[in-house]
Amino acid sequence: MPGILVYSEKHQVVRELLGKARQVADEKGMAVAAVYLGESVPEDLADLGAWGADTVYTVASPLLVGLNPETYTDALAGVIAEVKPELVLVGATKPGLEISARTAARLGAGVASFCVDFDFSAEGVVTAQCMIYSGVGINTYQIKTQPALATVAPAVFEAVKRDGSAVVTALDVSIRQPAMTILEYKEKAAAGVRWEDAPVIVDVGMGMSDKSHLGLAEELASLFEGQVACSRPVSSERDWFPEWLGLSGKKIHADLCITLGISGSIQHVVGIRDSKTIVAINSDENAGIFSQADYGVIADLHEFVPILVAALKARSAKLAR
């Protein structure tokens with residue numbers, strides 16, 4: 001039976017959870033398993049062995065459609081009752097948060113939300129470190145129930161590729177007809193290439209005065225083959241992007257993050273602080289982003305970015321000769 005069981009409806013999040021689970025399990029001599037829930041079972045699930053899973057448990061049912069929280073809770077709780085893991089990691093996506101909360105209540109299990117690290121004590125009790133107060137602090141919890149549950153936001157842990165193939169095992173668990181019927185699905189507009197995968201991000205904040213100036217950010221990003229991202233207010237208040245970086249949004253591990261007009265609120269910094277190098281451009285010398293940046297430029301971004309772009313282009317042309 002696995003010591004750690006991971007679940008998410010997002011394939012990349014499953015790989016990230018497996019990466020950390022494998023690391024801890026190897027230290028403790030435990031096995032790691034993943035769960036796949038769906039209407040049918042893909043043929044390539046054994047490949048999760050290359051990401052750290054010893055076993056992949058599957059549950060297939062015509063009731064497992066549309067991420068209905070009632071049926072997915074039945075399925076996940078059924079798998080947990082069958083395989084009896086010590087810890088269950090669930091991706092903290094919107095469906096994952098609802099399914100994990102329902103599952104914990106169903107099983108009477110303790111759950112730690114937005115976990116950023118975990119371990120097992122000498123007595124086998126799960127300890128989970130979780131962000132609090134919008135990321136300015138860390139609380140450490142002991143979860144004494146078995147199983148313990150913890151939710152983990154995307155990109156908190158790193159996926160680690162290795163050799164191996166997982167054993168795929170089908171389980172038959174009871175899934176009830178849901179009381180709730182989902183009437184309609186609407187596709188959410190996507191930002192294109194995943195920001196989490198981009199080596200360079202140009203991060204736009206409220207200091208950019210007009211949407212027509214986004215071309216500055218796009219031109220700068222294109223020089224690095226990067227992506228343009230934004231803070232939450234730029235997305236939610238101005239509607240320039242469908243997604244945002246930050247505590248409640250995407251989190252990146254870019255090689256280089258260039259912020260344009262970002263104030264530096266902790267809620268936003270949580271989304272970019274794992275970048276290797278942060279360069280901040282802001283006209284406010286007291287902006288909080290400068291305390292988080294490796295390099296800072298006190299300047300009006302609308303004046304400085306064209307100069308920077310021209311200099312980078314000139315340097316590229318010189319190197320090409």
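This note goes through the strands, a helix, a pocket and some single residues of a predicted model.

1. A sheet of three strands. Strands S6, S7 and S8 form an open sheet in that order, and their pairing is antiparallel. Strand S6, residues 115-120, and strand S8, residues 137-143, stand at the edges with a single partner strand each, so one side of each is left without a neighbour in the sheet. From one strand to the next, the twist averages 20°. As a general point for reading what follows, the strands of a sheet pair through backbone hydrogen bonds, either parallel or antiparallel.

2. The pairing of S6 and S7. Strand S7 covers residues 126-132 and runs antiparallel to S6, to which it is joined by 5 bridges. To find one of these places in the structure, look for Asp117, whose bridge partner in S7 is Gln129.

3. Strand S4 and its cover. Strand S4, residues 87-91, is mostly covered, since 5 of its 5 residues are buried; here, buried means a relative accessible area under 20%. Leu87, Leu89 and Gly91 point one way from S4, while Val88 and Val90 point the other way, and all of them are buried.

4. The partners of S4. Strand S1, residues 4-7, runs parallel to S4 and is joined to it by 4 bridges, and Tyr7 has Val90 as its bridge partner in S4. Strand S9, residues 148-152, also runs parallel to S4, with 5 bridges between the two, and in this pairing Leu87 stands opposite Ala148 of S9.

5. A sheet of five strands. A further open sheet has 5 strands in the order S12-S11-S13-S14-S15, and here the pairing is parallel. Its edge strands are S12, residues 227-230, and S15, each of which pairs on one side only. On average, and with direction ignored, neighbouring strands of this sheet are turned by 20° against each other. Within the sheet, strand S13, residues 256-260, pairs with S14 in the parallel sense over 5 bridges, and Thr259 stands opposite Ala280 in S14.

6. Helix H4. In helix H4, which spans residues 214-223, the buried residues are Leu214, Leu216, Ala217, Leu220 and Ala221. These residues cover an arc of only 155° around the axis, which puts them on the same side of H4. After H4 comes Glu225, whose phi is positive, near 55°.

7. The second largest pocket. About 350 Å³ of space lies in the second largest pocket. Its lining is made by 18 residues, and those nearest the centre of the pocket are His11, Tyr36, Asp44, Leu45 and Leu48. Helix H1, residues 11-28, and strand S2, residues 32-38, are the elements that give two or more residues to this lining. Sorted by class, the lining has 12 nonpolar, 2 polar and 4 charged residues.

8. The loop between S8 and S9. Lys144 has its place in the loop between S8 and S9, and because its relative accessibility is 70%, Lys144 counts as exposed. Although Lys144 and Thr127 are 17 residues apart along the chain, their C-alpha atoms are separated by 8.9 Å. Pro147 lies in the loop between S8 and S9 as well, and the peptide bond leading from Gln146 to Pro147 is cis, with omega near 5°.

9. Two residues with positive phi. Lys84, in the loop between helix H2 (69-83) and S4, is not a glycine and yet has a positive phi of about 55°. With a relative accessibility of 58%, Lys84 counts as exposed. Phe114, in the loop between strand S5 (111-112) and S6, is likewise not a glycine, and its phi is positive at about 55°. The relative accessibility of Phe114 is 32%, so this residue counts as partly exposed, a class that lies between the 20% limit for buried and the 50% limit for exposed residues.

10. The loop between S14 and S15. Gln292 lies in the loop between strand S14, residues 277-282, and strand S15, residues 295-298. The relative accessible area of Gln292 is 38%, and Gln292 is therefore partly exposed. The C-alpha atoms of Gln292 and Ile278 are separated by 7.6 Å, with the two residues 14 residues apart along the chain.

Terms used
Residues are numbered from 1 along each chain as its sequence is written. This is a predicted model: local features need pLDDT of at least 70, side-chain atom pairs count only at pLDDT 80 or more; totals for chains, interfaces and linings use all residues. Side-chain values use heavy atoms; hydrogens and water are left out. Two strands pair if DSSP finds at least two bridges between them. Axes are lines fitted to C-alpha atoms, for helices over the stretch in contact, and angles run from 0 to 180 degrees between N-to-C directions. Buried means under 20% relative accessible area, exposed over 50%, partly exposed in between (1.4 Å probe, protein chains only). On a 1 Å grid over the protein atoms alone, a cavity is a set of points where a 1.4 Å probe fits but cannot get out, and a pocket is an open set with protein on both sides within 12 Å along at least five of seven lines; lining residues have an atom within 4 Å of a point. Grid points are joined across faces, edges and corners, and a volume is the space filled by probe spheres set on the points. Ala, Val, Leu, Ile, Met, Phe, Trp, Tyr, Cys and Pro count as nonpolar, Asp, Glu, Lys and Arg as charged, and the others, Gly among them, as polar. The arc is that of the directions from the helix axis to the C-beta atoms.
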